[in-house]
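My entries follow the order in which I looked things up.

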Amino acid sequence: MDHPVTATTTVRQRRFGAIRDVFGGMSAISVKELRGRMRGRRAFVIITVHLLLVAGFAWMVETLMERTFTGGFGSTFSASAEIGRALFIAMLVLLTLIVLVLAPASTAGAISLEREKQTLDLLATTPISSLAIVLGKLVSALSWILLLLLASIPVTALVFTFGGVGPDDMVKGYVVLLVTALFYGSVGLFVSALVKRTQAATVINLVTVIALTAGTGFIFIFWSSMTNNGLLPNNARNESFLESLSRRPPEALLWFNPFIAQLDVVCGTETGFGASCQIIGAVTNQGQNAFNGQGLDNGFGVPRDSYWPRASAAMAIVSLVLIVLAVQLVSPTRRWRIRRRRSRPAPAGSDA
(Lines give C-alpha, C1' and ligand atoms only; values in the text may rest on other atoms or scores of the structure.)
Protein backbone atom coordinates (compact mmCIF):
# COMPACT_ATOMS: atom_id res chain seq x y z
CA MET A 1 0.00 0.00 0.00
CA ASP A 2 1.45 3.36 -1.02
CA HIS A 3 1.82 5.96 1.70
CA PRO A 4 0.58 9.45 0.87
CA VAL A 5 3.23 12.13 0.53
CA THR A 6 2.76 14.62 3.36
CA ALA A 7 3.78 18.26 3.42
CA THR A 8 6.54 17.50 5.94
CA THR A 9 8.04 14.89 3.62
CA THR A 10 7.96 17.33 0.73
CA VAL A 11 9.74 20.01 2.78
CA ARG A 12 12.41 17.52 3.86
CA GLN A 13 12.95 16.41 0.27
CA ARG A 14 13.37 20.04 -0.81
CA ARG A 15 15.86 20.70 1.99
CA PHE A 16 17.93 17.62 1.22
CA GLY A 17 17.71 18.46 -2.47
CA ALA A 18 19.02 21.98 -1.82
CA ILE A 19 21.89 20.62 0.29
CA ARG A 20 22.65 18.06 -2.40
CA ASP A 21 22.72 20.80 -5.04
CA VAL A 22 25.10 22.92 -2.95
CA PHE A 23 27.52 20.04 -2.41
CA GLY A 24 27.26 19.03 -6.04
CA GLY A 25 28.03 22.53 -7.28
CA MET A 26 30.80 22.96 -4.71
CA SER A 27 32.47 19.74 -5.81
CA ALA A 28 32.21 20.75 -9.47
CA ILE A 29 33.83 24.14 -8.81
CA SER A 30 36.54 22.73 -6.53
CA VAL A 31 37.43 19.91 -8.94
CA LYS A 32 37.66 22.39 -11.82
CA GLU A 33 39.89 24.71 -9.77
CA LEU A 34 42.10 21.87 -8.52
CA ARG A 35 42.59 20.55 -12.04
CA GLY A 36 43.77 23.97 -13.09
CA ARG A 37 46.16 24.19 -10.12
CA MET A 38 47.56 20.67 -10.45
CA ARG A 39 47.89 20.67 -14.24
CA GLY A 40 51.42 20.55 -15.56
CA ARG A 41 54.71 20.50 -13.68
CA ARG A 42 54.14 23.66 -11.67
CA ALA A 43 52.34 21.96 -8.79
CA PHE A 44 54.99 19.27 -8.38
CA VAL A 45 57.76 21.85 -8.57
CA ILE A 46 56.08 23.96 -5.87
CA ILE A 47 55.66 20.95 -3.56
CA THR A 48 59.29 19.93 -4.10
CA VAL A 49 60.56 23.45 -3.40
CA HIS A 50 58.31 23.62 -0.33
CA LEU A 51 59.72 20.38 1.08
CA LEU A 52 63.30 21.42 0.34
CA LEU A 53 62.71 24.75 2.08
CA VAL A 54 61.17 23.12 5.17
CA ALA A 55 63.78 20.35 5.36
CA GLY A 56 66.68 22.76 4.82
CA PHE A 57 65.37 25.14 7.45
CA ALA A 58 64.94 22.27 9.94
CA TRP A 59 68.48 21.07 9.26
CA MET A 60 69.94 24.55 9.80
CA VAL A 61 68.07 25.04 13.09
CA GLU A 62 69.06 21.58 14.35
CA THR A 63 72.72 22.14 13.42
CA LEU A 64 72.76 25.56 15.06
CA MET A 65 71.27 24.22 18.30
CA GLU A 66 73.69 21.30 18.41
CA ARG A 67 76.69 23.61 18.03
CA THR A 68 75.24 25.90 20.70
CA PHE A 69 75.14 23.10 23.27
CA THR A 70 78.44 21.49 22.25
CA GLY A 71 80.26 24.82 22.14
CA GLY A 72 79.77 25.51 25.83
CA PHE A 73 77.17 28.27 25.45
CA GLY A 74 74.41 26.19 27.02
CA SER A 75 73.89 23.48 29.54
CA THR A 76 74.19 19.88 28.36
CA PHE A 77 71.43 18.84 30.77
CA SER A 78 68.38 17.78 28.75
CA ALA A 79 70.04 19.18 25.64
CA SER A 80 68.17 16.81 23.34
CA ALA A 81 64.78 18.00 24.61
CA GLU A 82 65.84 21.63 24.20
CA ILE A 83 66.91 20.95 20.61
CA GLY A 84 63.59 19.25 19.88
CA ARG A 85 61.64 22.13 21.41
CA ALA A 86 63.62 24.75 19.48
CA LEU A 87 63.14 22.80 16.25
CA PHE A 88 59.41 22.56 16.94
CA ILE A 89 59.14 26.32 17.50
CA ALA A 90 61.08 27.07 14.31
CA MET A 91 58.89 24.72 12.25
CA LEU A 92 55.67 26.26 13.60
CA VAL A 93 56.91 29.77 12.80
CA LEU A 94 57.95 28.79 9.28
CA LEU A 95 54.70 26.95 8.50
CA THR A 96 52.65 29.82 9.92
CA LEU A 97 54.48 32.26 7.65
CA ILE A 98 53.85 30.01 4.64
CA VAL A 99 50.14 29.80 5.47
CA LEU A 100 49.90 33.58 5.96
CA VAL A 101 51.42 34.12 2.52
CA LEU A 102 49.63 31.38 0.57
CA ALA A 103 46.12 31.43 2.09
CA PRO A 104 45.10 34.98 1.11
CA ALA A 105 47.15 34.82 -2.10
CA SER A 106 45.32 31.66 -3.22
CA THR A 107 41.90 33.29 -2.82
CA ALA A 108 42.78 36.87 -3.81
CA GLY A 109 41.77 36.28 -7.42
CA ALA A 110 39.04 33.71 -6.83
CA ILE A 111 36.16 36.08 -7.65
CA SER A 112 37.90 39.17 -9.02
CA LEU A 113 39.64 37.12 -11.70
CA GLU A 114 36.25 35.81 -12.84
CA ARG A 115 35.08 39.43 -13.13
CA GLU A 116 38.15 40.40 -15.13
CA LYS A 117 37.60 37.51 -17.53
CA GLN A 118 33.87 38.40 -17.64
CA THR A 119 32.94 34.83 -16.72
CA LEU A 120 31.27 35.52 -13.37
CA ASP A 121 27.95 36.39 -14.98
CA LEU A 122 28.11 33.21 -17.06
CA LEU A 123 28.89 31.23 -13.92
CA ALA A 124 25.96 32.84 -12.13
CA THR A 125 23.55 31.78 -14.89
CA THR A 126 24.38 28.10 -14.34
CA PRO A 127 22.36 25.98 -11.89
CA ILE A 128 25.27 26.26 -9.43
CA SER A 129 24.28 28.49 -6.52
CA SER A 130 26.36 31.40 -5.26
CA LEU A 131 27.03 29.53 -2.03
CA ALA A 132 28.42 26.58 -4.00
CA ILE A 133 30.62 28.91 -6.08
CA VAL A 134 32.12 30.58 -3.00
CA LEU A 135 32.61 27.33 -1.08
CA GLY A 136 34.08 25.61 -4.13
CA LYS A 137 36.63 28.39 -4.60
CA LEU A 138 37.53 28.29 -0.91
CA VAL A 139 37.77 24.49 -0.73
CA SER A 140 40.05 24.32 -3.76
CA ALA A 141 42.41 26.93 -2.29
CA LEU A 142 42.43 25.31 1.15
CA SER A 143 42.95 21.86 -0.38
CA TRP A 144 46.15 23.10 -2.00
CA ILE A 145 47.38 24.50 1.33
CA LEU A 146 46.32 21.32 3.13
CA LEU A 147 48.40 19.32 0.67
CA LEU A 148 51.47 21.42 1.48
CA LEU A 149 50.88 21.02 5.23
CA LEU A 150 50.46 17.26 4.89
CA ALA A 151 53.69 17.07 2.93
CA SER A 152 55.52 18.84 5.76
CA ILE A 153 54.35 16.44 8.50
CA PRO A 154 57.21 13.90 8.04
CA VAL A 155 59.77 16.69 8.38
CA THR A 156 58.06 18.18 11.42
CA ALA A 157 57.81 14.73 13.02
CA LEU A 158 61.62 14.68 13.28
CA VAL A 159 61.21 16.58 16.57
CA PHE A 160 60.05 13.31 18.17
CA THR A 161 63.56 11.89 17.78
CA PHE A 162 64.91 14.60 20.10
CA GLY A 163 62.11 14.60 22.66
CA GLY A 164 60.61 17.52 24.51
CA VAL A 165 57.55 17.58 22.23
CA GLY A 166 54.66 15.12 22.24
CA PRO A 167 52.33 14.07 19.40
CA ASP A 168 49.47 16.04 20.99
CA ASP A 169 51.55 19.23 20.78
CA MET A 170 52.13 18.64 17.08
CA VAL A 171 48.40 18.03 16.53
CA LYS A 172 47.56 21.30 18.31
CA GLY A 173 50.05 23.20 16.18
CA TYR A 174 48.57 21.84 12.97
CA VAL A 175 45.03 22.58 14.15
CA VAL A 176 46.03 26.22 14.59
CA LEU A 177 47.60 26.15 11.11
CA LEU A 178 44.40 24.81 9.54
CA VAL A 179 42.20 27.37 11.31
CA THR A 180 44.61 30.10 10.25
CA ALA A 181 44.39 28.93 6.63
CA LEU A 182 40.57 28.94 6.86
CA PHE A 183 40.45 32.45 8.34
CA TYR A 184 42.93 34.16 6.04
CA GLY A 185 41.57 32.25 3.05
CA SER A 186 38.11 33.59 3.91
CA VAL A 187 39.53 37.09 4.25
CA GLY A 188 41.08 36.81 0.79
CA LEU A 189 37.86 35.44 -0.67
CA PHE A 190 35.79 38.26 0.84
CA VAL A 191 38.18 40.91 -0.47
CA SER A 192 38.17 39.24 -3.88
CA ALA A 193 34.38 39.42 -3.95
CA LEU A 194 34.41 43.03 -2.76
CA VAL A 195 37.10 44.40 -5.11
CA LYS A 196 36.90 44.22 -8.89
CA ARG A 197 40.64 43.99 -9.62
CA THR A 198 42.88 41.11 -8.59
CA GLN A 199 45.88 43.39 -8.10
CA ALA A 200 43.96 45.59 -5.68
CA ALA A 201 42.66 42.52 -3.83
CA THR A 202 46.21 41.18 -3.46
CA VAL A 203 47.45 44.47 -2.00
CA ILE A 204 44.51 44.69 0.42
CA ASN A 205 45.10 41.11 1.57
CA LEU A 206 48.79 41.83 2.17
CA VAL A 207 47.95 44.92 4.23
CA THR A 208 45.35 42.93 6.19
CA VAL A 209 47.85 40.18 7.03
CA ILE A 210 50.42 42.74 8.22
CA ALA A 211 47.80 44.61 10.26
CA LEU A 212 46.45 41.49 11.98
CA THR A 213 49.91 40.12 12.83
CA ALA A 214 52.59 42.79 13.26
CA GLY A 215 50.05 45.60 13.67
CA THR A 216 48.11 44.00 16.51
CA GLY A 217 51.34 42.96 18.23
CA PHE A 218 52.69 46.52 18.12
CA ILE A 219 49.39 47.95 19.39
CA PHE A 220 49.35 45.44 22.26
CA ILE A 221 52.91 46.32 23.29
CA PHE A 222 52.26 50.06 23.00
CA TRP A 223 48.99 49.81 24.94
CA SER A 224 50.68 47.76 27.65
CA SER A 225 53.59 50.18 27.95
CA MET A 226 51.18 53.09 28.43
CA THR A 227 49.62 51.45 31.50
CA ASN A 228 51.11 51.16 34.94
CA ASN A 229 51.52 47.38 34.78
CA GLY A 230 53.31 47.19 31.45
CA LEU A 231 53.44 43.60 30.20
CA LEU A 232 52.97 42.19 33.69
CA PRO A 233 49.59 40.62 34.53
CA ASN A 234 47.54 42.57 37.04
CA ASN A 235 45.65 40.82 39.79
CA ALA A 236 42.69 43.17 39.91
CA ARG A 237 39.40 41.38 40.29
CA ASN A 238 35.73 42.41 40.12
CA GLU A 239 36.42 45.27 37.74
CA SER A 240 34.34 46.28 34.78
CA PHE A 241 35.43 45.92 31.18
CA LEU A 242 36.12 49.64 30.81
CA GLU A 243 38.21 49.63 33.98
CA SER A 244 40.24 46.71 32.70
CA LEU A 245 41.00 48.61 29.48
CA SER A 246 42.71 51.31 31.54
CA ARG A 247 44.99 48.67 33.06
CA ARG A 248 45.81 46.42 30.10
CA PRO A 249 44.79 45.78 26.45
CA PRO A 250 42.08 43.18 25.80
CA GLU A 251 43.07 39.63 24.94
CA ALA A 252 40.76 39.69 21.91
CA LEU A 253 43.12 42.15 20.21
CA LEU A 254 45.48 39.25 19.43
CA TRP A 255 42.93 36.54 18.63
CA PHE A 256 43.60 36.85 14.90
CA ASN A 257 47.38 36.71 15.32
CA PRO A 258 48.31 33.05 14.75
CA PHE A 259 51.81 33.50 16.15
CA ILE A 260 50.41 34.15 19.63
CA ALA A 261 48.21 31.07 19.36
CA GLN A 262 51.26 29.01 18.42
CA LEU A 263 53.07 30.42 21.47
CA ASP A 264 50.32 28.93 23.61
CA VAL A 265 50.93 25.57 21.92
CA VAL A 266 54.67 25.92 22.62
CA CYS A 267 53.88 26.86 26.22
CA GLY A 268 52.43 23.38 26.67
CA THR A 269 55.87 21.89 25.93
CA GLU A 270 57.65 23.94 28.60
CA THR A 271 58.13 22.29 31.99
CA GLY A 272 58.21 25.59 33.84
CA PHE A 273 57.32 29.22 33.35
CA GLY A 274 59.36 29.77 30.20
CA ALA A 275 59.45 32.62 27.70
CA SER A 276 56.38 31.44 25.77
CA CYS A 277 54.36 31.03 28.95
CA GLN A 278 55.41 34.51 30.10
CA ILE A 279 54.05 36.03 26.89
CA ILE A 280 50.81 34.06 27.15
CA GLY A 281 50.52 35.06 30.80
CA ALA A 282 50.82 38.72 29.82
CA VAL A 283 48.23 38.31 27.03
CA THR A 284 45.68 36.39 29.11
CA ASN A 285 46.40 38.28 32.37
CA GLN A 286 47.31 35.05 34.13
CA GLY A 287 50.70 35.23 35.77
CA GLN A 288 52.80 32.80 37.73
CA ASN A 289 50.94 31.32 40.70
CA ALA A 290 52.92 28.83 42.70
CA PHE A 291 51.01 25.83 43.99
CA ASN A 292 47.65 27.53 44.31
CA GLY A 293 45.60 24.45 43.40
CA GLN A 294 43.70 26.17 40.57
CA GLY A 295 44.31 23.48 37.98
CA LEU A 296 47.62 24.84 36.78
CA ASP A 297 50.02 22.39 35.18
CA ASN A 298 53.05 21.49 37.27
CA GLY A 299 51.71 23.60 40.14
CA PHE A 300 52.74 26.93 38.60
CA GLY A 301 52.66 28.91 35.41
CA VAL A 302 49.70 29.79 33.23
CA PRO A 303 46.94 27.27 32.43
CA ARG A 304 47.98 25.28 29.38
CA ASP A 305 45.79 25.31 26.26
CA SER A 306 43.85 28.30 27.54
CA TYR A 307 44.42 30.76 24.71
CA TRP A 308 44.67 28.95 21.37
CA PRO A 309 41.18 27.33 21.59
CA ARG A 310 39.57 30.77 22.07
CA ALA A 311 41.63 32.28 19.26
CA SER A 312 40.80 29.36 16.94
CA ALA A 313 37.08 29.64 17.74
CA ALA A 314 37.14 33.40 17.04
CA MET A 315 38.87 32.88 13.69
CA ALA A 316 36.40 30.12 12.73
CA ILE A 317 33.36 32.26 13.60
CA VAL A 318 34.64 35.29 11.69
CA SER A 319 35.46 32.99 8.75
CA LEU A 320 31.81 31.90 8.57
CA VAL A 321 30.69 35.53 8.64
CA LEU A 322 33.08 36.45 5.82
CA ILE A 323 31.88 33.50 3.73
CA VAL A 324 28.27 34.63 4.14
CA LEU A 325 29.20 38.17 3.13
CA ALA A 326 31.12 36.87 0.11
CA VAL A 327 28.07 34.88 -0.97
CA GLN A 328 25.98 38.04 -0.72
CA LEU A 329 28.46 39.94 -2.89
CA VAL A 330 28.63 37.19 -5.51
CA SER A 331 24.91 36.54 -5.70
CA PRO A 332 23.38 38.73 -8.44
CA THR A 333 19.90 38.61 -6.87
CA ARG A 334 20.92 39.04 -3.18
CA ARG A 335 18.74 36.08 -2.17
CA TRP A 336 19.39 36.56 1.53
CA ARG A 337 18.31 40.18 1.68
CA ILE A 338 15.91 40.82 4.55
CA ARG A 339 12.52 41.56 3.15
CA ARG A 340 10.25 44.06 4.83
CA ARG A 341 6.66 43.11 5.31
CA ARG A 342 4.48 45.32 3.20
CA SER A 343 1.20 46.50 4.62
CA ARG A 344 -1.77 45.22 2.73
CA PRO A 345 -4.04 47.86 1.25
CA ALA A 346 -7.39 48.20 2.93
CA PRO A 347 -10.26 46.65 0.95
CA ALA A 348 -12.52 49.00 -0.95
CA GLY A 349 -15.52 50.23 0.99
CA SER A 350 -13.99 49.61 4.42
CA ASP A 351 -14.09 52.27 7.11
CA ALA A 352 -10.94 54.28 7.58
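The entries below cover a helix pair and then a disulfide in this predicted model.

**Entry 1: helix packing.** I looked up helix 7, which spans residues 167-194, and helix 10, which spans residues 258-267. Their axes come within 9 Å and cross at roughly 165 degrees. Angles over 145 degrees count as roughly antiparallel, and helix 7 and helix 10 are therefore roughly antiparallel to each other. I noted the hand of this crossing as right-handed.

I then listed the residues that make the contact. Helix 7 contributes Asp-169, Lys-172, Gly-173, Val-176, Leu-177, Thr-180 and Tyr-184. From helix 10 come Pro-258, Ala-261, Gln-262 and Val-265. Sorted by class, the contact of helix 7 with helix 10 has 6 nonpolar, 3 polar and 2 charged residues.

**Entry 2: disulfide.** How many disulfides does the count come to? I recorded 1 disulfide. Cys-267 is joined to Cys-277, with an S to S distance of 2.0 Å. Cys-267 lies in helix 10, whereas Cys-277 lies in helix 11, residues 275-284. The two cysteines are 10 residues apart.

Are the two cysteines buried or exposed? I found Cys-267 buried, and Cys-277 is buried as well.

Technical notes: Residues are numbered from 1 along each chain as its sequence is written. This is a predicted model: local features need pLDDT of at least 70, side-chain atom pairs count only at pLDDT 80 or more; totals for chains, interfaces and linings use all residues. Side-chain values use heavy atoms; hydrogens and water are left out. Axes are lines fitted to C-alpha atoms, for helices over the stretch in contact, and angles run from 0 to 180 degrees between N-to-C directions. Helices (H or I, at least four residues) and strands (E, at least two) are DSSP runs, numbered from the N terminus. Angles under 35 degrees count as roughly parallel, over 145 as roughly antiparallel, 65 to 115 as roughly perpendicular and the rest as oblique. A crossing is left-handed if the near helix is turned anticlockwise from the far one by less than a right angle, and right-handed if clockwise. Contact means heavy atoms within 4.5 Å. Ala, Val, Leu, Ile, Met, Phe, Trp, Tyr, Cys and Pro count as nonpolar, Asp, Glu, Lys and Arg as charged, and the others, Gly among them, as polar. A disulfide is a pair of cysteine sulfur atoms within 2.5 Å. Buried means under 20% relative accessible area, exposed over 50%, partly exposed in between (1.4 Å probe, protein chains only).
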